[in-house]
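Visitor: I am new to protein structures and would like a tour. Could you walk me through this one?

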Amino acid sequence: MQLSSEQHGSTQIVKIEEARIDAMAAIGFKDTVRGVTGDQTDRLVLDLNKVEFIDSSGLGAIVALMKLLAPGCKLELAGLTSTVQKVFRLTRMDTIFTLYDNAADSLHDPAV
Amino acid sequence: MVRHFAVSLAANPGEIRKGLGEIRAILATARLSVEALDRVEIVLAEILNNIAEHAYPNADDGLIEIEGDIFGDVLVCRTVDWGRQMPGGVLPPCEEADLRVAVADLPEGGFGWFMIHTLTQDLRYARIDDKNELRFQVPLSKVIDTEATPSPTLDFAL
């Protein structure tokens, strides 16, 4: 799992540099992201702009990450591509996350 | 224009990823919409992952055969595997996860069958001798038949 990360104060943007969060990518996903999460981060925005496909294992991995980070750090999502957005809507996972059109929006409009 | 495909693969995440890519490439030549290609890929991903995880829990080389035929605006599909049968010999129910719970209690699984049931029609499972056979249809037209959708997600059009 390739990631890149930017710190903006206590907000950290972690970009998933992969086209798929599927059963293969879901293995180790939460620990990999947790591993790059800084101690001072209280809000982690997962930038999914490069992710073209997600399956239920990927959704499960994101929920597992949310639980692992809570309560000290809130997980939010940005840049959902159309297929990923459809999977989130279908499973209603869009109702449990704060979603931003893109990562930059998450810095301008923090839903704190 | 392609109207039929048949793909065999080993039941592990790497082969499944590769196989889904192959099937999408084949179906793309049939000029399906991106929405239809997405829908087929989501359904097949969930079904194949389920077979790998539950029919062949202790092996990563179990055989899966997938066949599909386009009839009008429907893709008629069949998957076959030689793994363990479904619990009780029947399809898992279509249950929507309850998300109105505390973060710590949110479900990390169970989304798969909900998506399969929602995005397919005429889903049937049979255990025939030593094999599992799943037959289903994926609508390829733009808007999914909301009457067949088991949840009140009426605005959903994949």
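Visitor: In what order do the five strands of the open sheet in chain A stand?

Guide: Good place to begin, and please keep in mind that this is a predicted model. The pairing in this sheet is mixed. Reading across the open sheet of chain A, the order of the strands is 1-2-4-6-7.

Visitor: Which strands of chain A stand at the edges of the sheet?

Guide: Look for a strand that has a single partner strand, so that one side is left without a neighbour in the sheet.

Visitor: How many bridges join strand 4 and strand 6 of chain A?

Guide: Strand 4 covers residues 43-47 and strand 6 covers residues 74-78, and the two run parallel. One place to look is Leu46(A), which stands opposite Leu77(A) in strand 6 of chain A. The number of bridges joining strand 4 and strand 6 of chain A is five.

Visitor: What angle does the direction of helix 2 of chain A make with that of strand 2?

Guide: Helix 2 of chain A, residues 29-36, packs on the sheet. There, helix 2 of chain A touches strand 1, strand 2 (11-16) and strand 4 of chain A. Its direction and that of strand 2 of chain A make an angle of about 140 degrees.

Visitor: Which residues touch the most other members of the largest nonpolar core?

Guide: This core has 73 residues. Helix 2 (residues 34-55) of chain B gives the most to this core, with twelve residues. Those that touch the most other members are Leu46(A), Leu48(A), Ile62(A) and Phe88(A).

Visitor: Is Phe88(A) buried or exposed?

Guide: Leaving aside neighbours within four places in sequence, Phe88(A) is in contact with several residues, including Ile54(A), Leu77(A), Met93(A) and Phe97(A). Its relative accessible area is 1%. A residue counts as buried under 20%, so Phe88(A) is buried.

Visitor: Why is the pair of Phe88(A) and Phe97(A) edge-to-face?

Guide: The structure holds one aromatic pair over all chains. The ring centres of Phe88(A) and Phe97(A) are 6.2 Å apart, and their planes stand at 70 degrees. Planes over 60 degrees apart count as edge-to-face, so this pair is edge-to-face, with its planes at 70 degrees.

Visitor: How many disulfides does the structure hold?

Guide: Take Cys94(B) as an example: the closest cysteine sulfur is in Cys77(B), 18 Å away. A disulfide needs the sulfur atoms within 2.5 Å, so that distance is too far for a bond. Over all chains, the number of disulfides is zero.

Visitor: Which residues does the cis peptide bond join?

Guide: Most peptide bonds are trans. Here, omega is about 0 degrees. Look in the loop between helix 3 (56-69) and strand 6 of chain A, where Pro71(A) has its place. The cis bond joins Ala70(A) and Pro71(A).

Visitor: Is Arg31(B) buried or exposed?

Guide: Arg31(B) lies in the loop between helix 1 (13-28) and helix 2 of chain B. Its phi is positive, about 60 degrees, although Arg31(B) is not a glycine. With a relative accessible area of 71%, Arg31(B) is exposed.

Visitor: What is phi of Arg92(A) near?

Guide: Arg92(A) lies in the loop between helix 4 (82-90) and strand 7 of chain A. Arg92(A) is partly exposed, with a relative accessible area of 28%. Most residues other than glycine have a negative phi. In Arg92(A), phi is positive, near 65 degrees.

Methods:
Residues numbered from 1 in each chain as written. Chains lettered and ligands numbered in written order. Predicted model: local features only at pLDDT ≥ 70, side-chain atom pairs only at ≥ 80, totals over all residues. Heavy atoms only, no water. Core = buried A, V, L, I, M, F, W, Y, C linked by side-chain atoms within 4.5 Å. Buried < 20%, exposed > 50% of the residue type's maximum accessible area, 1.4 Å probe, protein only. Helix = DSSP H or I, 4+ residues; strand = E, 2+ residues; numbered from the N terminus. Contact = heavy atoms within 4.5 Å. Pairing = 2+ DSSP bridges. Axes fitted to C-alpha atoms, helices over the stretch in contact; angles between N-to-C directions. Phe/Tyr/Trp six-rings, centres within 6.5 Å; stacked < 30°, edge-to-face > 60°.
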